[in-house]
Amino acid sequence: MTVESVQPEDRTEAAGRPAEPPLAGGAVPALGHGLKLVRDPLGFMAQLRDHGDVVRLRLGPKTVYAVTAPALTGALALSPDYIISGPLWESLEDLLGKEGVATANGSLHRRQRRTIQPAFRLDAIPAYGPIMEEEAHALTRRWQGAGTVDCTAESFRIAVRVAARCLLRGAYMDERAERLSGALATVFRGMYRRMVVPLGPLYRLPIPANREFNRALADLHLLVDEIVAERRASGQKPDDLLTALLEAKDDNGDPIGEQEIHDQVVAILTPGSETIASTIMWLMQVLAEHPEHADRIRAEVESVTGGRPVAFEDVRKLTHTNNVIVETMRLRPAVWILTRRAVTDTELGGYRIPAGADIVYSPYAVQRDPRSYADHLEFDPDRWLPERSKDVPKFAMSPFSVGNRKCPSDHFSMAQLSLITAVMATGFRLEQVPGSRDATRVGITLRPHRLLVRALPR
Ligand code: HEM
């Protein structure tokens, strides 16, 4: 399916203008669809496809538009008529800063992307290979005789260490990465609560949960300041993302301000750790739940390496490993909801979208759509074999998104996920232990509630 193929169907009204999208069923007076969305966000987003390709939702007094057809989510992400804005982003900006690439728009965003992009280009990734290998194999040493592994702590540890050591190089990163992972885990938990239940002043009350959140947020910002100050004091300019940020110029050719440097580091570290950490948690869950795929990964890795420790240059040969990761990301996408705001009166799929409208779509719902995937809820990594994956409709699997906001880190992420998965599956058999709870916890990302595994050396 292509974007064009779902374009109108003539939905023009008698007056000659595009029709309003249908109102999704199930709205109740005053609250609209709000309660359903809060109670069961994933189920709610998934069933919207039954109401149309584009539907209207009522969230209290507000109308929000939801896009459900894969091709239209691609059209939305690729169109200049929509920007990053809206309540979700505003609350993120309040906490994480207003001058980072993840929330900027227009010429500021284009300039910021030009600054960070070189660090993520395909040809830049091999330079990170040794660090990714080191971090993946360090996991083997930590897990030997470890008893129970707390997957949340372990996943954050790897994700933050890899992002921080690769992109902000420096010896000091080793200890800082531990502090960063602790701070980020607490900040993300609290941030989601503040975004979905905006209780304003109540979050300022001096109760333990608020104090813990504020401490972690302050520590995150302090850590970033320390990292920037130490790099400056060192006088060194290694070829990395931090140097690129410190040397960046604005459109007038002047150095960018301190606040922008700070916000940029935060804007890269925060999505760079939470998303990878959540995906690693799901990969651990998959290896425990599908030992047959863990065995296939192990056999594949051994056939490629001949028994030596897996290395960065092996990654592109690990086809089944890659397919297990993609299938994990299909069913358990870290980024499960995305939003945009229309900057002009426009249309989508033949429906009218007014300027200022907030639009949501859910990669989780799109990637579980039975119209796109046979046996859509089955965990079947072989669906990504070339002869089968060609039937997957365009934009039905875009975990890194498309267009000008596409994740810059797709190659960086896939390389480290492949190495980590290969190391976990070859070194250990994972089993969930009593007390582990792998039900999906909905937050800024999707992750298991509390995944605990026993890592039995192979
Ligand atoms: C943006 C997914 C890892 C940095 C995005 C977006 C998605 C995404 C879907 C687009 C958001 C939108 O359209 O509104 C993922 C997934 C990851 C991952 C699934 C891993 C499994 C990373 C890592 C980093 C990173 C490791 C950095 C080290 C960013 C940044 C943006 C972004 C800076 C904002 C880009 C912009 O607005 O121009 N990511 N990401 N991501 N991601 Fe990732």
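**Entry 1: strands 9 and 12**

I began with strand 9 (428-432) and found that strand 9 pairs with strand 12, residues 452-457, in the antiparallel sense over 5 bridges. The model is a predicted one, in which local features need pLDDT of at least 70, side-chain atom pairs count only at pLDDT 80 or more, and totals for chains, interfaces and linings use all residues. Residues are numbered from 1 along each chain as its sequence is written, and side-chain values use heavy atoms, with hydrogens and water left out.

I noted two terms before going on: strands (E, at least two residues) and helices (H or I, at least four) are DSSP runs numbered from the N terminus, and two strands pair if DSSP finds at least two bridges between them. Looking along the pair, I saw that Phe428 stands opposite Pro457 in strand 12.

Which strands stand at the edges of this sheet? The sheet is open, has 3 strands in the order 4-12-9, and is paired antiparallel. Strand 4 (148-150) and strand 9 are at the edges with a single partner strand each, so one side of each has no neighbour in the sheet. From one strand to the next the twist averages 40 degrees, where axes are lines fitted to C-alpha atoms (for helices, over the stretch in contact) and angles run from 0 to 180 degrees between N-to-C directions. I also looked up helix 16, residues 410-427, which lies across strand 9 and strand 12 and runs at about 90 degrees to strand 9.

Next I turned to an open sheet of 5 strands, whose order is 1-2-8-5-3 and whose pairing is mixed. Here strand 1 (54-59) and strand 3 (82-83) are the edge strands, and because each has a single partner strand, one side of each is left without a neighbour in the sheet. Strand 1 pairs with strand 2 (residues 62-67) in the antiparallel sense over 6 bridges, and within that pair I found Val54 opposite Val67 in strand 2. As a reminder to myself, side chains in a regular strand alternate between the two faces of the sheet.

Helix 3 (residues 70-78) lies across strands 1, 2, 3, 5 and 8 of this sheet, and runs at about 135 degrees to strand 8 (358-361).

Is Asp369 buried or exposed? I located Asp369 in the loop between helix 14 (363-367) and helix 15 (386-389), and with a relative accessible area of 1% Asp369 is buried. For this term, buried means under 20% relative accessible area, exposed means over 50%, and partly exposed is in between, with a 1.4 Å probe and protein chains only.

Leaving aside neighbours within four places in sequence, Asp369 is in contact with Arg49, Thr68, Pro70 and His376, contact being heavy atoms within 4.5 Å. Asp369 also forms a salt bridge with Arg371, the closest N and O atoms being 2.7 Å apart; a salt bridge is a side-chain nitrogen of Lys or Arg within 4 Å of a carboxyl oxygen of Asp or Glu. Arg371 counts as partly exposed at 48% relative accessibility.

I then followed Arg49, which sits in the loop between helix 2 (41-47) and strand 1 and is buried, with a relative accessible area of 16%. With neighbours within four places again left aside, the contacts of Arg49 include Thr68, Ala365 and Arg368.

**Entry 4**

Strand 10 (residues 437-442) and strand 11 (residues 446-450) run antiparallel and are joined by 4 bridges, with a hairpin of 3 residues leading from strand 10 to strand 11. The bridge partner of Thr440 is Pro448 in strand 11.

Which residue meets the side chain of Arg447 in a salt bridge? I found that the partner is Glu274, at 3.5 Å from N to O. Arg447 lies in strand 11 and Glu274 in helix 11 (residues 258-289), so this pair ties together parts 173 residues apart in sequence. Arg447 counts as buried at 4% relative accessibility, and Glu274 counts as buried at 3%.

The structure holds 31 salt bridges, and I looked up another, in which the side chains of Arg142 and Glu154 meet at 2.7 Å, N to O. Arg142 belongs to helix 6 (residues 129-143) and Glu154 to helix 7 (residues 151-167), 12 residues apart. Arg142 is partly exposed at 29% relative accessibility, whereas Glu154 is buried at 5%.
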